[in-house]
Amino acid sequence: MRINLRKEFFTDKEFLIAESGEFKAVAFRFSTGIEALRVENSKGYFVILPFKGQQLWDFNFCGRDLKMLTTVKEPKPTLEYLKTYGGFLYHCGVSSFGVPDADHPQHGEIPNIEYDNAYIEINKDEKGEYISVGGTLNYDIAFVKKYHFSPECRLYKGASVVKVNVKIENKKATPMEYMYLCHINFRPYNGARLVYNVPRDKEHIKVHKIIPDSMTGDMRAKLSSYMDKLESNPAIMDNVGNSDEMYIPEICFALKYNPDENNRGYTMQYIEGEGACYVNHPVDALPVGVRWISRTKDEDSMGMILPATSEHLGYYDSKAKGYVKELGAYESLEFYMEIGFISDTEAKKVEEKINKLI
């Protein structure tokens, strides 16, 4: 069953738009006017904005609110990235992402863009029954670029992990450059461990030692010192909430994964005895693992892995380093990520797999 969504379905009052077995999809509208769907199964729910970037705004599974803490409580009707930056997952790109440059805004044109169409689907595949929300962006700038960007978030029966499918299609008769980053913003858990199939050395972990000009005095010295420690021993960051950590306002890293036989990278924020925040991603399609950690009094985010085509420093930097990818005339690319929370038993199995890879 597929329901093609229309904005008229969304009002200030919640409306049950689809239900089947343990699945529910509830349509509502934030006080800011942004349309949203709460998609539920027996393990939890996510809130997705079907017409605004197909963002995952809220993410709650196994009784945990997994989204980062920020001052932005509701999505806002703006294209400015930081003015509505309070969600769990943002698709970034496609012309560029990262720092604004090359006439592209911060993290590209797609994070907050209006979608042409969106849908809910309840169906089954080889993994079982699922409910999904997807859509297609038709991006068309005359003489510049025409592409379709089609994401889908698929939640299976009894699952606490969401499969995020992505398809990018070049709709012109000439090659198209592209960049992509999946900005996943988990909440940090003090006492947890970061577990991932990346060797802890300078060859595989780069610390971006960038300090804002506005930071001066003791705070600047403390951040610089902590960056130096991370550079000499990246394993320091694996213990979340360690006594001398300093992520004010943020630190970014670039990770090079040792993939498994299926070219997958695995990342967990493991809370022993309870379970783990979990991501697995395609290292062939998204070879750079950007890590972004920010821990201030107002914001608290564990971006333990933002799967990406390149580092986060914008188009010109990526072009110079050979990261910018290309789709030929009318070519397309498809890949998927799995994102969510897994049990302690599952986490132990994933850790054993990771340890064998590094």
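# Reading a predicted fold, feature by feature

Reader: Thanks! Where is Glu351 found, and which residues is Glu351 in contact with?

Author: Helices (H or I, at least four residues) and strands (E, at least two) are DSSP runs, numbered from the N terminus. Glu351 belongs to helix H3, residues 344-357. Contact means heavy atoms within 4.5 Å. Setting aside neighbours within four places in sequence, Glu351 is in contact with Arg193, Val195, Met268 and Tyr270. As for distance, the C-alpha atoms of Glu351 and Asn112 are separated by 35 Å, and the two residues are 239 apart along the chain.

Reader: Let's zoom out. How many helices and strands are there in the protein?

Author: The protein has three helices and 22 strands. Its radius of gyration is 20 Å, close to the 21 Å that the globule rule gives for 358 residues, so the protein is as compact as a globular protein of that length. That radius is taken over C-alpha atoms, and the rule is 2.2 Å times the number of residues to the power 0.38. Along the principal axes, the C-alpha atoms fill a box of roughly 55 × 50 × 45 Å.

Reader: What percentage of the contacts join residues at least 24 apart, and what percentage of the residues are buried?

Author: Take contacts between residues at least 6 apart in sequence: 63% of them join residues at least 24 apart. Buried residues make up 59% of the 358 residues.

Reader: And the surface and charges: what does the accessible surface come to, and how far apart are the mean positions of the charges?

Author: Accessible areas come from the Shrake-Rupley method with a 1.4 Å probe, and for residues only the protein chains shown count as cover. The accessible surface is about 15200 Å², with 48% of it belonging to carbon and sulfur atoms. For charges, Lys and Arg count as positive and Asp and Glu as negative, leaving out His and the chain ends. Each charge is placed at NZ of Lys, CZ of Arg, CG of Asp or CD of Glu. The mean positions of the 45 positive and 52 negative charges are 1 Å apart.

Reader: Now the backbone. Which peptide bonds are cis?

Author: For this, look at omega. The bond from Gly93 to Val94 is cis, with omega near -5 degrees, and Val94 sits in strand E8, residues 89-94. The bond from Ile248 to Pro249 is also cis, with omega near -5 degrees. Pro249 lies in the loop between helix H1 (217-232) and strand E16 (251-255).

Reader: Next, phi. Are Gln54 and Cys62 buried or exposed, and what is phi of each?

Author: Gln54 is not a glycine, yet its phi is positive, near 50 degrees. Gln54 is buried, at a relative accessible area of 1%, in the loop between strand E5 (44-49) and strand E6 (55-61). Cys62, not a glycine either, has a positive phi of about 55 degrees. Cys62 is partly exposed, at 39%, and lies in the loop between E6 and strand E7 (64-65).

Reader: What about packing: which residues touch the most other members of the largest nonpolar core?

Author: A nonpolar core is a set of buried Ala, Val, Leu, Ile, Met, Phe, Trp, Tyr and Cys residues joined through side-chain atoms within 4.5 Å. In the largest one, of 84 residues, Leu37, Phe46, Phe149, Phe253 and Ile339 touch the most other members. A second, separate core of 25 residues includes Leu49, Trp57, Met179 and Cys252.

Reader: Where is the place of His312, and what is His312 in contact with?

Author: His312 sits in the loop between strand E20 (300-308) and H2. It is buried, at 12%, and beyond its neighbours within four places in sequence its contacts include Phe97, His208, Cys252 and Val290. In helix H2 itself (residues 315-320) we find Ser318, buried at 0%. Among the contacts of Ser318 outside four places in sequence are Met179 and Tyr323.

Technical notes: Residues are numbered from 1 along each chain as its sequence is written. This is a predicted model: local features need pLDDT of at least 70, side-chain atom pairs count only at pLDDT 80 or more; totals for chains, interfaces and linings use all residues. Side-chain values use heavy atoms; hydrogens and water are left out. Buried means under 20% relative accessible area, exposed over 50%, partly exposed in between (1.4 Å probe, protein chains only).
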